[in-house]
Amino acid sequence: MDHDEFRRLGHQLIDWIASYRERMEKLPVMSPVKPGQVKARFPAEPPRRGGGAAAGLAGIDADILPGVTHWTHPSFFAYFPSNASYGSVLGDLLSSGLAAQGMSWQTAPAATELEEVVMGWLRQMLGLPPAFTGVIQDTASTATLCALLCARERTSGFAQNHGGLQGGGPPLTVYASDQSHASIEKAALLAGFGKDHLRLLGTDGRHALRLELLQAAIEKDKAAGRRPCAVVACVGTTATTSIDPVKGIAALAAKHGLWLHVDAAMAGTAMVLPECRVHWEGVEAADSLVVNPHKWMGIGFDFSAYFVRDPEHLVRVMSTNPSYLRTAQDGEVRNLRDWGIPLGRRFRALKAWLHLLDEGVEGMQARLRRDLANARWLVEQVGQTTDWELLAPVHFQTLCLRHVPTDQRDEKRLAAHNLAIAERVNRSGKAYVTPAVLKGKQMIRVSIGAESTERRHVEAVWGALRAAARTV
Ligand code: PLP
């Protein structure tokens, strides 16, 4: 492809993306394809001759689009909002075009320094104190793994960094609630703690970690000679957006010398609103914290904001310094390869920069408040019915609902009934919700927050759920 063809195809592609977004509302939210259907449209062998990019792009509508579930569709209420604003899309395009590799400051000074700038902006937007320094990770899963690796090394006096698994010593233990995201368990396993040393503790009626259970578990482990190492507090759990008591957890962490990591992957974005910050009182005591701007905030995947109180731990655990990576500026700059697991780093800051320039803090606050108001409206509607109930408090934009027909209390039947409702709505293509199980009860999660979702879309999904409840 030469420069002129790139220009021509690039303009066409931008036009295609804009028209896709314009007409998206008419497309079925959840992809209706069957397994294998997309694969079957492509040759099994690689193209021998080049020159086929134009033909490939001409086939997007037929070959790719049917197999896409539209995460930015205004009636996308599944999982979590995963917005990618136009500003962020342009930033991603620029990042690809520049093809900068930000492993060291010298290999891409602008990538390193713009990352420092946007992470500073995000820190302020989230109301975090200046003691925190931010770095971009690909996902919250990676950020949490980094946190647990740092915790492990701090508690063991960096012994694991030397002796590794052969280093010996009593086992290290990690604590989180039974509502914490699966990435916590995965990180604990990958960081070598082992399933036997991960304590997933019970939660209260609001699905938040019970402090007395945390205290008892730490004391029990200590008495048995184990070494309590890290606790993960969640602000906005995946199932219900419940909020762990961060302040109390921080006090216990300080008392027993545990690393406190806060997982605010989904709900952290709400902290752009000062009125929501009551939900993370105590967060300033965290050793590390993760928020996913690639969810509700609008910066396209992948962009996870990882904040640490003392970067020294991260750098000590992650740094590699072979001769071919050393540069003259090493003493005076950040080499971001030492702030995470991969050596190579994309210029992700561009998409945050353009998203924030385009939307502005005030624009974002207005959008988030719109979504919270839409969630409150839906809560009111549920409250006005006798046959629908909420299974969890609604702190932000996620509702956990279920339909309970009169006199129906059999959990198995209720589960089948609610599963059928969710499936009916999802198959219709008109909206997309997530069926999930909360403490043995089948629920339907409605997560509001796509950039294009207006009140009318929330009204429509509510209508669709009730219609499905009448007919399944
Ligand atoms: N933590 C919470 C609370 C989440 O809701 C999620 C994703 O839904 C994650 C972690 C994992 O996020 P990621 O896909 O960025 O690893």
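Select Asp-287 to begin: at 13% relative accessibility, Asp-287 counts as buried (buried means under 20% relative accessible area, exposed over 50%, partly exposed in between, with a 1.4 Å probe and protein chains only). The model on screen is predicted, so local features need pLDDT of at least 70 and side-chain atom pairs count only at pLDDT 80 or more, while totals for chains, interfaces and linings use all residues. Residues are numbered from 1 along each chain as its sequence is written, and side-chain values use heavy atoms, with hydrogens and water left out.

Stay on Asp-287, which sits in the loop between β5 (259-263) and β6 (288-291). Helices (H or I, at least four residues) and strands (E, at least two) are DSSP runs, numbered from the N terminus. Show the side chain of Arg-154 as well: a polar contact of 3.1 Å joins it to the side chain of Asp-287. A polar contact is a pair of N or O atoms within 3.5 Å; within protein, one must be able to donate a hydrogen and the other to accept it, and residues adjacent in sequence count only if both atoms are side-chain atoms. Leaving aside neighbours within four places in sequence, the residues in contact with Asp-287 include Trp-259, Phe-307 and Arg-309 (contact means heavy atoms within 4.5 Å).

Next, colour the chain by domain. The assignment gives domain 1 (3-67), domain 2 (101-346) and domain 3 (360-471); such bounds come from an automatic or database domain assignment. The centres of domain 2 and domain 3, taken over C-alpha atoms, are separated by 31 Å. Their contact takes 26 residues from domain 2 and 22 residues from domain 3.

How much area do domain 2 and domain 3 bury between them? The value is about 2000 Å², 66% of it on carbon and sulfur atoms. Buried area is the accessible area (1.4 Å probe) that two parts lose on being put together, summed over both. Select Thr-241, Leu-273 and Trp-296: these supply 31% of the area that domain 2 buries against domain 3, more than any other three residues.

Now select Glu-275 and Arg-369, whose side chains meet in a salt bridge (2.7 Å, N to O). The pair links distant parts of the chain, with Glu-275 in the loop between β5 and β6 and Arg-369 in helix α13, 94 residues apart. Glu-275 counts as partly exposed at 44% relative accessibility, and Arg-369 counts as partly exposed at 37%.

Remain on helix α13 (residues 349-383) and pick Ala-366, which has its place there. Ala-366 is partly exposed, with a relative accessible area of 46%. Draw a line from Ala-366 to Arg-21: C-alpha to C-alpha they are 21 Å apart in space, and 345 residues apart in sequence.

Asp-302 and Arg-348 meet through their side chains (3.2 Å, N to O); Asp-302 counts as buried at 14% relative accessibility, and Arg-348 counts as buried at 12%. Glu-359 forms a salt bridge with Arg-367, the closest N and O atoms being 2.6 Å apart. Arg-367 is buried, with a relative accessible area of 6%. To finish, select Asp-92, Asp-302, Arg-346, Arg-348 and Lys-351, which salt bridges that share partners join into one network.

Note on methods. A salt bridge is a side-chain nitrogen of Lys or Arg within 4 Å of a carboxyl oxygen of Asp or Glu.
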